[in-house]
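This briefing covers core packing, helix contacts and backbone geometry. The structure comes first, and the notes follow by topic.

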Amino acid sequence: MKILIIDDEKSIRLSLSLGLKTFTDKIYSASSGEEGIKLFEKHKPDILIVDINLGGISGLKVLEKIRRKNKKCIIIMITYISEVKLAVEAMKLGANDYFTKPFNIQEIKKTIEDNIKYIKKSRELSKEDNKNGISLVGNSEYTMKVKAVIKKVSNIPHDTFILIQGESGTGKEVVAKSIHFNGIRKDKAYIALNCAAIPKSLQESELFGYEKGAFSDAKNHKSGLIEEANGGTLFLDEIGDMDILLQAKLLRVLQEKKFRSLGSTKEKCFAANIIAATNKNLLEEIKKGNFREDLYYRLNIIPINLKPLRERKEDVKDLIGYFINSYNNKLDKNVLGMCPEALDICINYEWKGNVRELKNFIERIMIFQENDFIEVEDLPQNVISHHSVENTPAIKGMNLEHVEMETISRVLRKNKWNITKTAQALGISRITLRRKIEKYSIRK
């Protein structure tokens, strides 16, 4: 477990580093946003603690940049009470939690402990995910049309080319797997290459393989992904990030159905379904000279364009039900569903990370869920805050402290002012709850 602290106050960095050593010895700290981003890219921490008010690049900019690169990292913001409006903005940008200075180190430790439990459980669940039987979830008119295309394409007897386009998290890989595993090729190889995850200098050897002695580090023969996918499906994820020179070589393979490993003079035959996916606008990339026009038209035989979740809100309810059932099975739980009020908040949330964000959201809730139904107070604070500030006329204009006060009051009433139950439901200690009741002057 790795933790990164970004704060321009040395005393804050020191106190957090010392206080969190009980969880891990891999704690890194930075005094500026610029330094913090470099450390983040180098160490890839699981948990990030960021001061909103930094010198140079602001904490909000740090949050925004890192959230674009990593959707799963837990990000906790620190701010002074006078800057609580900035905390509202931070929650909208994807922060998981916030604390005001001066903070109680025990409160932060409790939050870190809960998040570490979540991260570990989430990794276990990821290992258990089975690629078989994957299907697109939703019954909106748009989703039903996409399902019809998937069904038709998955049973085409000859090899073809499919291009899936859509924002990150819309389900491009799910569509690719649905085409393969629900069709006539389900018993054949399904091989995936994420072009964005592999340095461009290594993409060619990954794709084509190499012979022993082809280059200095080639100690043995290595089969490429093209060869491994022969007869099945080759999925080229984030193809917009493929090296421009490699694109020309790929086009030749797709046209001639033959390829050579690096260092080999022998051509091998190749036949497979080719599914490519990207979150980029390839026509714009062509204009910029980053993508070959001839490769685009070769791949775009069967286009599938996935809409963002905010444009098909009718699917949110089905997706929530699907993920709850999925995690009930994985976690051996029996959560019956989500209450209407909480469901309404989720349907109207913007889901910038699309289906992936919704899946992670339900996973987090389900790991900690103990009651039969998911209530409003079980939702993460950033989702509640967004709904309260943006969509609820009764408290429009309130800052995050008002939202926190309203949430605590509601949970107290639900639990008939049982302090222990309320603290457990809110995920805070009894001492913290009593302090907040006193702070906000909440009365029965």
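In which loop is Lys-416 found? Lys-416 lies in the loop between α17 (400–414) and α18 (419–426); helices (H or I, at least four residues) and strands (E, at least two) are DSSP runs, numbered from the N terminus. The model is predicted, so local features need pLDDT of at least 70 and side-chain atom pairs count only at pLDDT 80 or more, while totals for chains, interfaces and linings use all residues. Residues are numbered from 1 along each chain as its sequence is written, and side-chain values use heavy atoms, with hydrogens and water left out.

**Backbone geometry**

- Most residues other than glycine have a negative phi, and most peptide bonds are trans.
- Lys-416 is not a glycine, yet has a positive phi of about 50 degrees.
- With 75% relative accessibility, Lys-416 counts as exposed (buried is under 20% relative accessible area, exposed over 50%, partly exposed in between, with a 1.4 Å probe and protein chains only).
- Lys-257, also not a glycine, has a positive phi of about 60 degrees; Lys-257 sits in the loop between α10 (244–256) and β11 (258–259).
- Lys-257 counts as partly exposed at 32% relative accessibility.
- The peptide bond joining Lys-101 and Pro-102 is cis, with omega about -5 degrees, and Pro-102 is in the loop between β5 (97–101) and α5 (105–128).

**Nonpolar cores**

- The largest nonpolar core has 50 residues, of which Met-338, Leu-358, Phe-361, Ile-362 and Leu-379 touch the most other members; a nonpolar core is a set of buried Ala, Val, Leu, Ile, Met, Phe, Trp, Tyr and Cys residues joined through side-chain atoms within 4.5 Å.
- A second, separate core of 31 residues includes Phe-161, Ile-226, Phe-270 and Ala-276.
- Not counting residues up to four places away in sequence, the contacts of Met-338 include Ile-320, Phe-361, Ile-362 and Leu-379, where contact means heavy atoms within 4.5 Å.

- Among the buried residues of α7 are Lys-172, Val-175, His-180 and Phe-181.
- The buried residues of α7 pack against α6 (141–154) and the strands β6 (161–165), β7 (190–194), β10 (233–237), β13 (273–278) and β14 (302–305).
- The axes of α6 and α7 are 8 Å apart, at an angle of about 40 degrees; axes are lines fitted to C-alpha atoms, for helices over the stretch in contact, and angles run from 0 to 180 degrees between N-to-C directions.
- α6 is therefore oblique to α7 (angles under 35 degrees count as roughly parallel, over 145 as roughly antiparallel, 65 to 115 as roughly perpendicular and the rest as oblique).
- In this pairing, Ile-150, Val-153 and Ser-154 of α6 meet Val-175, Ser-178 and Ile-179 of α7.

**Helices α13 and α15**

- The axes of α13 (residues 316–331) and α15 (residues 354–368) come within 9 Å and cross at roughly 45 degrees, so α13 and α15 are oblique to each other.
- Residues of α13 in the contact include Ile-320, Phe-323 and Ile-324, and those of α15 include Leu-358, Ile-362 and Met-366.

**Ser-31**

- Ser-31 is in the loop between β2 (27–30) and α2 (33–43) and is partly exposed, with a relative accessible area of 34%.
- Leaving aside neighbours within four places in sequence, Ser-31 is in contact with Asp-7, Asp-8 and Arg-13.
- The C-alpha atoms of Ser-31 and Lys-317 are separated by 43 Å, and the two residues are 286 residues apart along the chain.
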